[in-house]
Amino acid sequence: MTKDLFSLEGRVALVTGGSRGIGKMIAAGYVAQGAKVYVSSRKPGPCDETAAELSAGGGTCISLPQDVSTVEGCRALAARFAEHEPKLDILVNNAGAAWGAAFDEFPESGWDKVMNLNVKSPFFLTQALHPQLRAAASADQPAKVINVASIDGIRPNPMETYSYHASKSGLIHLTRRMAATLIRDNIVVTAIAPGAFASEMNRDARDHGDAVAKRIPARRIGRDEDMQGVAIYLASRAGDYAVGITIAVDGGVAFADVGGV
């Protein structure tokens, strides 16, 4: 029994923001564990390239590009997914945005863009895919919704990214609220709060990893397998009884007395 705890054989996953960064890391981990993975992103080209790359080793990864920054976009992705699959075992709400500006200059556009994509879209995409999640779910094998938050939702960092901080904190609390409701349908909702991983979203970690590592208790930035390990745990049998939790994957930053990453 324990040898299958982390297997995703026979399961279907959808990862938004899956063409690069943390989303691509998670998608690659799921493919390696035997899942059939759909990756979605706003730009078709990178989405197609990632799907081809992750399928090259013999796994199955399918490109399903879609902008999910609006409710209409979320519903469109759900409709397109339903054309391919009647059931969805794992939904990873990873698509996100950030905006930085001084307090006196922070624009409404920077507020709305971030809050819409980081908080509103995970809710409405999950809502739109609820029939497919419910169809896949059972007491013995729950369906999974995994929201990708941030350690900035647990504690503030020094950067003036007001809407990003608020959105990721909101997503952590939204995860708890959704979990309390959807567990009735055998759908387990959880969240991951990443720290410093090299990505387009975190260019500081990508371009200045050694300097960033000095501010992390673990003395390094995150690696692909660090993210994959937690994402696989939550998606697999191993995480079936972990309902509504948020796991910080950050080398100790969120709960240590150190400067922001």
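This is a predicted model: local features need pLDDT of at least 70, side-chain atom pairs count only at pLDDT 80 or more; totals for chains, interfaces and linings use all residues.
Which residues have the most contacts inside the largest nonpolar core?

Residues are numbered from 1 along each chain as its sequence is written, and side-chain values use heavy atoms, with hydrogens and water left out.

**View A. The largest nonpolar core has 32 residues.**
Those with the most contacts inside this core are Leu-14, Phe-81, Leu-88, Leu-91, Leu-129, Leu-133 and Ile-187. Two or more residues each come from strand 1 (12–16), helix 3 (71–84), helix 4, strand 5 (143–148), helix 6 and strand 6 (187–194). Helix 6 gives the largest share, seven residues. A core here is a set of buried Ala, Val, Leu, Ile, Met, Phe, Trp, Tyr and Cys residues joined through side-chain atoms within 4.5 Å. Buried means under 20% relative accessible area, exposed means over 50%, and partly exposed is in between (1.4 Å probe, protein chains only). Helices (H or I, at least four residues) and strands (E, at least two) are DSSP runs, numbered from the N terminus. As a rule, nonpolar side chains in soluble globular proteins tend to be buried together.

**View B. Phe-103, Trp-111 and Tyr-162 make a nonpolar surface patch of about 330 Å².**
Tyr-162 lies in helix 6 (residues 162–182), and its 30% relative accessibility makes it partly exposed. Patch residues have over 30% relative accessible area and no salt bridge; nonpolar side chains (Val, Leu, Ile, Met, Phe, Trp, Tyr) are joined within 5 Å, like charges within 9 Å. Areas come from the Shrake-Rupley method with a 1.4 Å probe, and for residues only the protein chains shown count as cover.

**View C. Arg-20, Arg-42, Lys-43 and Lys-113 gather in a surface patch of positive charge.**
Of these, Lys-113 sits in helix 4 (residues 108–128). Lys and Arg count as positive and Asp and Glu as negative, with His and the chain ends not counted. Each charge is placed at NZ of Lys, CZ of Arg, CG of Asp or CD of Glu.

**View D. Lys-24 and Glu-53 meet in a salt bridge (2.9 Å, N to O).**
Lys-24 is in helix 1 (residues 21–32) and Glu-53 in helix 2 (residues 44–55), so the pair ties together parts that are 29 residues apart in sequence. Both ends are partly exposed: Lys-24 at 24% and Glu-53 at 47%. A salt bridge puts a side-chain nitrogen of Lys or Arg within 4 Å of a carboxyl oxygen of Asp or Glu. The whole structure has seven of them.

**View E. Lys-144, Arg-237 and Asp-240 are linked in a salt-bridge network.**
The side chains of Arg-237 and Asp-240 come to 3.9 Å, N to O. Arg-237 is partly exposed at 34%, whereas Asp-240 is buried at 11%.

**View F. Asn-186 has a positive phi, near 60°.**
You'll find Asn-186 in the loop between helix 6 and strand 6, partly exposed at 28%. Most residues other than glycine have a negative phi.

**View G. Ala-254 and Asp-152 have C-alpha atoms separated by 8.1 Å.**
Along the chain, the two are 102 residues apart. Ala-254 belongs to the segment after strand 7 (246–249) and counts as buried, at 13% relative accessibility.
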